[in-house]
Amino acid sequence: MDIVFVVGTRPQLIKLASLVRAFNKKGLEYGIIHTGQHYDYEMDKIFFEELGLPEPIEYLGVGSGSHGEQTGKIIIGVEKAYLKHGVKIAVIPGDTNSALAAGIGGVKIGVEIAHVEAGLRSFEYYMAEEINRRVLDHISTFLFPPTVYAYMNLLKEGIDFSRIFLVGDVMYDNILLFKKQIERAKLPECIKEEYVYVTCHRAENVDFLERLKNIIYSLKKIADEGYQIVYPIHPRAYRRLLDYGLYSVLEKHDNICLLRPVSYFTSLKLASQALVTITDSGGLQKESFILGTPVITMRNTTEWIETVEYGWNFIVGYGSSRIYEVFKNIVENPPKKTSIEGVYGDGKASIRIADIIKKYLN
Ligand code: UD1
């Protein structure tokens, strides 16, 4: 089998949706290697079902672990899988440990690496995802940046321009592709009229008591003012909320709706109807921006600079105590709508990727 996609986490499964459709359309044969980094139903299988993804040809089942353990196990597993299937190109979306390991495991045995979402940078050098994507970009044969900023980052790092293809964003492709399904998706039953959509999962926020406390009490303050908080909880955050005794602060509140992780269509529906999104997710920042919902980002920087430049993304830092104040300011002075046409391409990023790979293999 010439082509495989290697994925293992929720955001990577989502990115597969438009990619597999484009590869099908172009008549390309491929298999999926699933590392098993995410394994709960709501973090994994639900996306195969909802997005109609083909079953993986290999499931490595690595599960959770320290960075070294997880990355190491995936390198060993993908190497075997590549050799078994005679893989020529591994198409790898994103910047998780699964992505890095899939790249290292391939490049050393002559598998060409194609990185989807290349060139994104937060310039936070200690951040796991920043390390992963920097290394992955420098061992890739094909780099597919989603934005002009990402393209420029790669050139600045001295990567040969003949390997870089500014194709657009596959997640933007997804939003266009699934417009109807998103519109038709049912909102969770708890939803009231005006709600704030919250997600929070980054280690930099949830693994520090003081930071998580600031976030939780900011959310409580917003809920105390009468705005509903709708918060699907990532398993990492759930564990920490319990460890730090903060879950009960949220659980008891009439205006806070806690959910298990939601599906892709539900998440986008929630983002599209929310008053404001508060998140530390890369994908959701951009999705909210595209769907016209202002977003507060609980991180020190963003890879999606356009969202800030257009005035829709408010960066407050990890574990910030400014969330409430910034929220109030957005509600009182909502940002003005302007056209964002072309910022993330034209909805054909996945098709371009398929075309480039097809041409290379012929
Ligand atoms: C990972 C990615 C991050 C991405 C996120 C999306 C890395 C370094 N991080 O972070 O870039 O934004 O996925 O969700 O690759 N867990 C479960 N069930 C699961 C998966 C995880 O309970 O199905 C729990 C485990 O306790 C695990 C913890 O969540 O230890 C963290 O999971 P892990 O995959 O290591 O990192 P994420 O925080 O999910």
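Which residues does Asn-174 touch, not counting residues up to four places away in sequence? With contact meaning heavy atoms within 4.5 Å, the partners of Asn-174 are Ile-14, Lys-15, Ala-17, Ser-18 and Tyr-264. Asn-174 belongs to helix H7, where helices (H or I, at least four residues) and strands (E, at least two) are DSSP runs, numbered from the N terminus. Its relative accessible area of 0% makes Asn-174 buried; buried means under 20% relative accessible area, exposed over 50%, and partly exposed in between (1.4 Å probe, protein chains only).

The model is predicted, so local features need pLDDT of at least 70 and side-chain atom pairs count only at pLDDT 80 or more, whereas totals for chains, interfaces and linings use all residues. Residues are numbered from 1 along each chain as its sequence is written, and side-chain values use heavy atoms, with hydrogens and water left out.

Strand E11 (residues 295-297) runs parallel to E12 and is joined to it by 3 bridges, with Thr-297 having Ile-315 in E12 as its bridge partner.

Of its 11 residues, 9 are buried, so H4 is largely enclosed by the rest of the structure. Among the buried residues of H4 are Asn-97, Leu-100, Gly-103 and Gly-106. The buried residues of H4 pack against strand E1 (3-7), H1, helix H3 (67-85), strand E4 (89-93), strand E5 (112-116) and helix H5 (128-138). Strand E5 is likewise largely enclosed by the rest of the structure, because 4 of its 5 residues are buried. E4 and E5 run parallel and are joined by 5 bridges, and Val-91 has Ala-114 in E5 as its bridge partner.

Val-91 is also one of the residues touched by Phe-23, along with others including Ile-3, Phe-5, Tyr-30 and Ile-357. Phe-23 sits in helix H1 (residues 10-25) and counts as buried at 0% relative accessibility. Although 332 residues separate Phe-23 from Asp-355 in sequence, the two are 8.4 Å apart in space, C-alpha to C-alpha.

Most residues other than glycine have a negative phi. Glu-117, in this loop, has a positive phi near 85° and is buried, with a relative accessible area of 7%. Phe-123, found in the loop between E5 and H5, has a positive phi near 60° and is partly exposed at 43%.

The structure holds 25 salt bridges, each being a side-chain nitrogen of Lys or Arg within 4 Å of a carboxyl oxygen of Asp or Glu. In one of them, Glu-42 pairs with Arg-260, the closest N and O atoms being 2.6 Å apart. Glu-42 lies in the loop between strand E2 (30-34) and helix H2 (45-51) and Arg-260 in the loop between E9 and helix H13 (264-273), so the pair ties together parts that are 218 residues apart in sequence. Glu-42 counts as buried at 16% relative accessibility, whereas Arg-260 is exposed at 55%. Within helix H5, Arg-134 forms a salt bridge with Glu-130, with 3.0 Å between the closest N and O atoms; these residues are 4 apart, about one helical turn. Glu-130 is buried, with a relative accessible area of 0%. Both residues belong to a network of salt bridges whose members include Asp-95, Arg-121, Asp-137 and Arg-299.

Note on methods
Two strands pair if DSSP finds at least two bridges between them.
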